[in-house]
Amino acid sequence: MARAVTTRRKAVTSVIAWTVATLIFFPILWIFVLSLKTEGDAIKTPLEILGSTWTLESYAVVQERSDYFKHFTNSVIVAVGSTLLGILVAVPAAWSMAFVPSKRTRGILMWMLSTKMLPAVGVLYPIYLLFIELGILDSRIGLVIVLMLINLPIIVWMLYTYFREIPAEILEAARMDGAGMRSELLYVLTPMAIPGIASTILLNVILAWNEAFWTLNLTAAKAAPLTAFIASYSSPEGLFYAKLSAASVMAIAPILVMGWFSQKQLVRGLTFGAVK
Amino acid sequence: MHFRKLVCTAAAATLMASGVAHAETLTIATVNNGDMIRMQGLTDDFTAKTGHNVEWVTLEENVLRQRVTTDITTKGGAFDIMTIGMYETPIWGKNGWLVPLDDLSADYNAGDILPAMAGGLSHDGTLYAAPFYGESSMIMYRTDLMAKAGLEMPAAPSWNFIAKAAREMTDRDNDINGICLRGKAGWGEGGAFITAMSNSFGARWFDEGWNAQFDTREWSDTLNFFVNMMTDSGPAGYATNGFNENLSLFQQGKCGMWIDATVAASFVTNPKDSTVADKVGFALAPDNGMGVRSNWLWAWALAIPAGTQKEAAAKQFIEWATSNGYIELVASKEGWANVPPGARTSLYQNANYKDIPFAKMTLDSILSADPNNSTVDPSPYVGIQFAAIPEFAGIATEVSQEFSAAYAGQQSVEEALAKAQALTNDAMEAAGYR
């Protein structure tokens, strides 16, 4: 009897899980289907999925009209660069908060997180003016810096919650054996925290890859990443849905594949410590 | 001999170096639409003629507005040429943010620009942006459905005729809506349509003291007429339909009439995309017998931000892209139906272009629109589907959201107008107009 209930529960859980997963994945599937239709068919209501023609025409047009690889390269550099720079800054910060906390640590952490609640457009003009002054408008280095700063609270929080799970005694033992701060961070803490650091890197690469406010507003022709590539196919006057969908598929495909292969680490990183 | 060779080599090197020094790379921000994309494909012609290269930044219309506004107000210098519309040009020109285009070459023939376009893109008589293409709005209708309804479309119909024809053409069983119009929130979407329509009902946004006028009978008549007509004869969910949605419906044969931008004429008559390409007729946008029609006026134009280091090359590009030569280039490559319309008088005198079925009605629509006298009663602003003041875009977006909520049945027309009145007066007071 108990076995039957367990099986039924498993079946129900599976059905719910598949339903939720399908709902979440549906927009991506829809975009993929539209990208394989002609412009005329793509906007038909209701969409004739089987009756209309399947074509790769939109992909060919997008490839011909835009320099995909330039945008792709910019996205890779900006996403990876901002994440690695963020890790460099966040590891010492998270270490100090996790192992040498003060009475203000909690407040600082909350304050850092609160900066994520600020509407980005509120600081657009100051940052734009700073970029002009520094001569880094429409540059990849400028985007790396700004995206690092934007994602830094999340990186620090993730590393902090992960570091808190590591027994402080191990670091203390290393110190007693003569390890300096640099050795402690590099040779003791980091190897133990590799899974947490890896999942933090993965999540922040995804966040930086998808960031569409700063990447659109601080770039022009040189540093524009794939978000600008997608935006160039959106139009309120003219039918570009199939091409817009093709551009979207091309932009999300790399990060989708990366997420697919690293989902275990991602889930672990997102849930570790946060619910405890 | 050696000395002579040396001098010749040095001279050649100097010439080459000076040539290289003058070859610029222009960064141009533009919108994503068929005409602009076509221009991008033809840029090699400009490069071959001038040696200058071009880098394009193509963005969706609203993203582009935000992007170029940020750049020009901060003097960022990210762009050497910006694509802007009739709304921004006079405001930015007045603020000194744009380079005046009053010294274009004689070959360019600036006098050939349609007066309505030149007027809308000028401030104090100085041209600040050159029109790449211009548009008004007009009626596109199904000739077969009109005949089936036993009606004949006048060249200049009234709103009452349009409402009657829409009812007659509606065939719910066959999924045919008598009329398709924009209801989508946004000052450039449904907001533009209802503002242009309200002009023909005698309404206006502001009186001469910048007081909002949504509490007047004229606005109530406009909105009630629109809602009643769309409820009787419009498509389901019209409150979220914009240009693209209506274009799709019309091309699929689901609209009897569609009143929208004149540039849509080339889309609905293109047999590649439209199932009704050979059954489309055109007429002027309707009026209400008050002396003002409901068509708007718009142009996408190229302007140079003040302070650019590449002003001379930028002017060369603008002269190339908005010239008669460019129109002929497009015609030779893609046919006369695809040339950018509505910018130059000579295009409409060209024998090749006169054969295009929508050419005459496009010109007539443009000529019947006057941004300086767009309302029946006097108003303090310039513009037909907008008031050319910086605050308008924000206010009109909120107002159109209230109107769309009324179209969707979430509130009554009276509630929407009352909210529009209050929010507009608040915003105008905060901005110091009242």
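Me: Why is strand S10 of chain B called largely enclosed by the rest of the structure?
Reply: A residue is buried if 20 or more other C-beta atoms, placed from the backbone, lie within 10 Å of its own; 12 or fewer make it exposed, and counts in between make it partly exposed. In S10(B), seven of the seven residues are buried, so the strand is largely enclosed. The model is predicted: local features need pLDDT of at least 70 and side-chain atom pairs count only at pLDDT 80 or more, while totals for chains, interfaces and linings use all residues. Residues are numbered from 1 along each chain as its sequence is written, with chains lettered from A and ligands numbered from 1 in the order in which they are written.

Me: Which residues of S10(B) point one way, and which the other?
Reply: Leu297(B), Ala299(B), Ala301(B) and Ala303(B) point to one side. Trp298(B), Trp300(B) and Leu302(B) point to the other, and both sets are buried.

Me: How do you know that S3(B) and S10(B) pair?
Reply: Strands are DSSP runs of E with at least two residues, helices are runs of H or I with at least four, and both are numbered from the N terminus. Two strands pair if DSSP finds at least two bridges between them. Strand S3 (residues 81–85) of chain B has four bridges to S10(B), in the antiparallel sense, and Gly85(B) has Trp300(B) as its bridge partner. Strand S6 (residues 130–142) of chain B also pairs with S10(B) in the antiparallel sense, over six bridges; here Glu135(B) stands opposite Trp298(B).

Me: What makes the two parts of chain B separate domains?
Reply: The bounds come from an automatic or database domain assignment. That assignment gives domain 1 as 2–135 + 297–354 and domain 2 as 137–296 + 377–430. Their centres, taken over C-alpha atoms, are 32 Å apart.

Me: How many residues of the two domains of chain B are in contact?
Reply: Contact requires C-beta atoms, placed from the backbone, to lie within 7 Å. By that test eleven residues of domain 1 of chain B touch twelve of domain 2 of chain B. On the domain 1 side, helix H5 (88–94) and strand S10 (297–303) of chain B are the elements giving two or more residues.

Me: Which element gives the largest share of the side of chain A that touches chain B?
Reply: H6(A), with five residues. In total, 26 residues of chain A are in contact with 28 of chain B.

Me: Why is Ala120(A) called partly exposed?
Reply: Ala120(A) has 13 other C-beta atoms within 10 Å, which places it in the partly exposed class. Ala120(A) sits in the loop between helix H5 (105–114) and H6 of chain A. Leaving out residues up to four places away in sequence, Ala120(A) touches Phe213(A) and Trp214(A). The C-alpha atoms of Ala120(A) and Phe213(A) are 7.7 Å apart, although 93 residues separate them along the chain.
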